[in-house]
Amino acid sequence: MQITRKPTNKIKETILLTYDFFLIGIFTIGGGYAMIPQMRQIFCKSRKYLTEEEFWEILAISQITPGPIAVNMATFIGYRVSGFIGSLSATIGVVLPSFIVILLISIYLTSFTKIPQVKRFLIGILTGVVGEITYITFEILKKTEKNIMYLFILILSLVELFILRVDPILVILVGGLLGITLGKLFEDKNGSY
């Protein structure tokens, strides 16, 4: 379903995009996957720039595109909302907080890591990030088509990662190849699964 959006001021929209992604970048700790629930909340539910289906499509494309998932998603969402300028401003917005924080930490690295409160803060954050990533994993599973092929690829991927300790890039490639080869077997006459 395509959202029909009212015509808006492009400059205002671009500034809002930069602001939204800057906030996502500065307040979401734990990497790109921890940012996904925030992006979904802001761009699907609050600003209504995207439908849920569009958001999950952008997530899927961002996962298979080289580069950090948060940057890929910012670039895609920015482009979808406001074209090239939106893409550029969203990408700068999501990257800038990390750049500033890493720059400050690198300057004060030695003294920063010795502070007990900082250590406890980081452990708490890490635990929260695990919760966020678990949440988004279940959300992705709920949106995924459910058939024997997807279940097989899911189980195989888990075996590759947890038991065989296969490189995650190889797991993605194997999943994609199985999707192409096995997908034909499960396709109905309308091309759906």
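Here is a quick briefing on the helices and pockets of this protein.

The model is predicted, so to speak: local features need pLDDT of at least 70, side-chain atom pairs count only at pLDDT 80 or more, and totals for chains, interfaces and linings use all residues. Residues are numbered from 1 along each chain as its sequence is written, and side-chain values use heavy atoms, with hydrogens and water left out.

**Overall build**
- The protein has eight helices and zero strands (DSSP runs numbered from the N terminus, with helices being H or I of at least four residues and strands E of at least two).
- Its C-alpha trace spans about 60 × 50 × 25 Å along the principal axes.

**How α1 and α2 pack**
- The axes of α1 and α2 come within 10 Å and cross at roughly 150 degrees (axes are lines fitted to C-alpha atoms over the stretch in contact, and angles run from 0 to 180 degrees between N-to-C directions).
- That makes α1 and α2 roughly antiparallel to each other (the label goes to angles over 145 degrees; under 35 is roughly parallel, 65 to 115 roughly perpendicular and the rest oblique).
- On the α1 side, Leu-17, Asp-20, Phe-21, Ile-24 and Gly-25 meet Met-35, Gln-38, Met-39, Ile-42 and Phe-43 of α2 (contact means heavy atoms within 4.5 Å).
- Sorted by class, this contact has seven nonpolar, two polar and one charged residues (Ala, Val, Leu, Ile, Met, Phe, Trp, Tyr, Cys and Pro are nonpolar, Asp, Glu, Lys and Arg charged, and the others, Gly among them, polar).

**Largest pocket**
- The largest pocket holds about 1,700 Å³ of space (on a 1 Å grid over the protein atoms alone, a pocket is an open set of points where a 1.4 Å probe fits, with protein on both sides within 12 Å along at least five of seven lines; lining residues have an atom within 4 Å of a point). Volume here is the space filled by probe spheres set on the points, which are joined across faces, edges and corners.
- It is lined by 35 residues, and Gln-63, Ile-140, Thr-144, Leu-154 and Ile-172 are the closest to its centre.
- α8 gives the most to this lining, with eight residues.
- The lining of the largest pocket has 21 nonpolar, eleven polar and three charged residues.

**Second largest pocket**
- This one has a volume of about 620 Å³.
- Among its 27 lining residues, Thr-28, Ile-29, Gly-30, Val-101 and Ile-105 lie nearest the centre.
- α4 gives the most here, with eleven residues.
- The lining of the second largest pocket has 20 nonpolar, seven polar and no charged residues.
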